[in-house]
Amino acid sequence: MKNLKLIADLFKVRISLTIMLCAISGAFIVPNNNLTMLDIFLISISTFLASAGVSAFNQYFERD
């Protein structure tokens, strides 16, 4: 359980989820979108992973 908390702190999961939801909402407001559920899933996962990776890099860079 402690490791899960450390991972959540490292990847800043709450911020990553917020960024992911913003990306999904942005995809929905595009006029004439023909997004499938697979497209939405891929947008969600790729945005979340990119944001989590940047957060982890930032934590590493500011480790001092």
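**View 1. Ser51 sits in helix α3.** Helices here are DSSP runs of H or I with at least four residues, numbered from the N terminus. The model is predicted: local features need pLDDT of at least 70, side-chain atom pairs count only at pLDDT 80 or more, and totals for chains, interfaces and linings use all residues. Residues are numbered from 1 along each chain as its sequence is written, and side-chain values use heavy atoms, with hydrogens and water left out. Is Ser51 buried or exposed? Ser51 counts as buried because its relative accessibility is 9%. Buried means under 20% relative accessible area, exposed means over 50%, and partly exposed lies in between (1.4 Å probe, protein chains only). The side chain of Ser51 makes a polar contact of 3.2 Å with the side chain of Ser16. Such a contact is a pair of N or O atoms within 3.5 Å; within protein, one must be able to donate a hydrogen and the other to accept it, and residues adjacent in sequence count only if both atoms are side-chain atoms. Residues up to four places away in sequence aside, Ser51 touches Ser16 and Ile19. Contact means heavy atoms within 4.5 Å.

**View 2. Ser55 is another residue of helix α3.** Ser55 has a relative accessible area of 10%, so it is buried. Which residues does Ser55 contact, leaving aside neighbours within four places in sequence? They are Leu10, Phe11, Lys12 and Ser16.

**View 3. Helix α3 has a buried set of residues.** The helix runs over residues 37–61. Its 25 residues reach 36 Å from the first C-alpha to the last, close to the 36 Å expected. That expected span is 1.5 Å times one less than the number of residues. Buried in α3 are Ile40, Ser44, Thr47, Ser51, Ala52, Ser55 and Ala56. Their cover includes α1 (2–11) and α2 (13–28). An α-helix has 3.6 residues a turn, so residues three or four places apart point the same way.

**View 4. Ile43 of helix α3 touches Ala23 and Ala27.** Those contacts leave aside neighbours within four places in sequence. Ile43 counts as partly exposed because its relative accessibility is 25%. Asn58 is 15 residues from Ile43 along the chain, and their C-alpha atoms are 22 Å apart.

**View 5. Five residues form a nonpolar patch on the surface.** They are Leu38, Phe41, Leu42, Ile45 and Leu49. Together they have about 500 Å² of accessible area. Phe41 lies in helix α3. Patch residues have over 30% relative accessible area and no salt bridge; like charges are joined within 9 Å, and nonpolar side chains (Val, Leu, Ile, Met, Phe, Trp, Tyr) within 5 Å. Accessible areas come from the Shrake-Rupley method with a 1.4 Å probe; for residues, only the protein chains shown count as cover.

**View 6. Asp9 and Lys5 form a salt bridge.** How many salt bridges does the structure hold? It holds one. A salt bridge is a side-chain nitrogen of Lys or Arg within 4 Å of a carboxyl oxygen of Asp or Glu. Here the closest N and O atoms are 3.3 Å apart. Both residues lie in helix α1, four residues apart, about one turn of the helix. Asp9 counts as partly exposed because its relative accessibility is 39%.

**View 7. Lys12 and Asn32 have positive phi values.** Lys12 lies in the loop between α1 and α2. Its phi is about 50°, although Lys12 is not a glycine. Asn32 is in the loop between α2 and α3, and its phi is near 55°. Lys12 is partly exposed because its relative accessible area is 29%. Asn32 is exposed because its relative accessible area is 76%.

Note on methods
Helices (H or I, at least four residues) and strands (E, at least two) are DSSP runs, numbered from the N terminus.
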